[in-house]
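Hello,

Here is the structure I promised to pass on to you.

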Amino acid sequence: MNLMLRRPLIAGNWKMYKTVSEAVNTARELVGYAASASVDIMIAPPFTALASVAEIVSGTPVALGAQNLHWKDEGAYTGEISPVMLTDAGCQYVIIGHSERRQFFGETDDTVNAKIRAALAHKLIPVFCVGETEMQRESRETFSVLDKQMVKGLEGVPFNSESHLVVAYEPVWAIGTGKTATTDQIQEVHAFLRSLIDKRLDNPLAKSVRILYGGSVKPENASEIMNMPDVDGALVGGASLSAATFDRIIHF
Ligand code: PEP
């Protein structure tokens with residue numbers, strides 16, 4: 001990890017867990033732990049808890065993220081949430097293209113691309129998720145799948161000096177399964193993604209793009225994963241739901 005250019009980011013994806021009061025309590029506990037951490041920290045509660053959690057984390061080292069967004073600012077899109085609404089609620093980050101959204105909610109490379117553009121236009125930092133399925137890995141398609149997701153996801157995305165991007169490599173077979181990719185597998189993919197980013201973003205900003213690993217990260221494996229040279233942080237699902245457990249990861 002290049003600490004000069006990329007401060008590590010540990011992000012917690014709370015998925016469809018926690019009522020407002022549960023989210024507020026967990027966030028409050030986490031803020032206490034976060035004071036002594038030397039990494040950037042983000043949590044992504046469900047939409048219903050964003051505004052309340054924003055009040056807890058405001059002015060602390062914990063940043064707020066959302067788990068999804070629509071690419072339009074407003075309109076007749078029942079059930080959707082716009083980037084304007086997310087920034088208004090206090091979000092700085094937004095997770096885009098999580099495999100659960102690709103798998104269960106029809107997210108495609110095209111919608112991911114539209115969402116990344118919308119997020120950047122509203123100064124939200126996209127946490128752009130990519131990853132292969134178990135079948136794709138077994139049929140040796142990992143790199144072609146990732147290449148396509150990256151190229152399509154970043155197509156025409158304008159980067160300027162104010163743009164920030166986070167990429168999260170999340171092998172689908174490692175999410176919520178307890179199976180973690182080996183550190184060799186992680187490093188190999190992260191180095192590949194870094195080379196794609198360097199090619200795609202032919203400017204110094206490429207060096208500041210953080211590449212997180214996600215997939216059954218827990219206190220027991222966080223340090224080993226975080227110490228790989230091309231790993232700049234982690235996107236954590238299940239183990240982020242308890243502040244005490246997440247604390248052991250942010251203090252890896
Ligand atoms: C995730 O949801 O992004 C994730 C990596 O989940 P888990 O840590 O539970 O595998």
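Below is what I found, starting with the whole chain and ending with single residues.

Please keep in mind that this is a predicted model. The protein has 10 helices and eight strands. Its radius of gyration is 17 Å, close to the 18 Å that the globule rule gives for 252 residues, so the protein is as compact as a globular protein of that length. Along the principal axes, the C-alpha atoms fill a box of roughly 45 × 45 × 35 Å. Of the 252 residues, 53% are buried. The protein exposes about 11300 Å², and carbon and sulfur atoms supply 53% of that area. If you look at contacts between residues at least 6 apart in sequence, 72% of them join residues at least 24 apart.

Next, the interior. In soluble globular proteins, nonpolar side chains tend to be buried together. Here the largest nonpolar core holds 68 residues, and those touching the most other members are Ile 10, Ile 41, Ile 43, Phe 128, Met 150, Val 167 and Leu 193. Helix H1 (residues 20-34) gives this core its largest share, six residues. A second, separate core has 14 residues, among them Ala 11, Met 42, Val 166 and Leu 212.

Then the aromatic rings. How many aromatic pairs are there? The count comes to three. In one of the pairs, the rings of Phe 104 and Phe 105 have their centres 6.4 Å apart; their planes are at 80°, over the 60 degrees required, so this pair is edge-to-face. Phe 104 is exposed, with a relative accessible area of 54%, and Phe 105 is exposed too, at 55%. Phe 143 and Phe 192 also form an edge-to-face pair, with 4.8 Å from centre to centre and 75° between the planes. This pair links distant parts of the chain: Phe 143 belongs to helix H7 (residues 142-153) and Phe 192 to helix H8 (residues 183-200), 49 residues apart. Phe 143 has a relative accessibility of 32%, which lies between 20% and 50%, so this residue counts as partly exposed.

Is His 98 buried or exposed? Its relative accessibility is 5%, under the 20% limit, so His 98 counts as buried. You will find His 98 in the loop between strand E4 (93-96) and helix H4 (99-104). Not counting residues up to four places away in sequence, His 98 touches Asn 13, Lys 15, Cys 129, Glu 170 and Ile 175.

His 164 sits in the loop between H7 and strand E6 (166-169). With a relative accessible area of 46%, His 164 is partly exposed. Beyond its neighbours within four places in sequence, His 164 is in contact with Leu 120, Ile 125 and Pro 126. The C-alpha atoms of His 164 and Val 127 are 9.5 Å apart, while the two residues are 37 residues apart along the chain.

How values were computed. Residues numbered from 1 in each chain as written. Predicted model: local features only at pLDDT ≥ 70, side-chain atom pairs only at ≥ 80, totals over all residues. Heavy atoms only, no water. Phe/Tyr/Trp six-rings, centres within 6.5 Å; stacked < 30°, edge-to-face > 60°. Buried < 20%, exposed > 50% of the residue type's maximum accessible area, 1.4 Å probe, protein only. Helix = DSSP H or I, 4+ residues; strand = E, 2+ residues; numbered from the N terminus. Rg over C-alpha atoms; globule rule 2.2 N^0.38 Å. Contact = heavy atoms within 4.5 Å. Areas by Shrake-Rupley, 256 points an atom, 1.4 Å probe, with all protein chains shown as cover. Core = buried A, V, L, I, M, F, W, Y, C linked by side-chain atoms within 4.5 Å.
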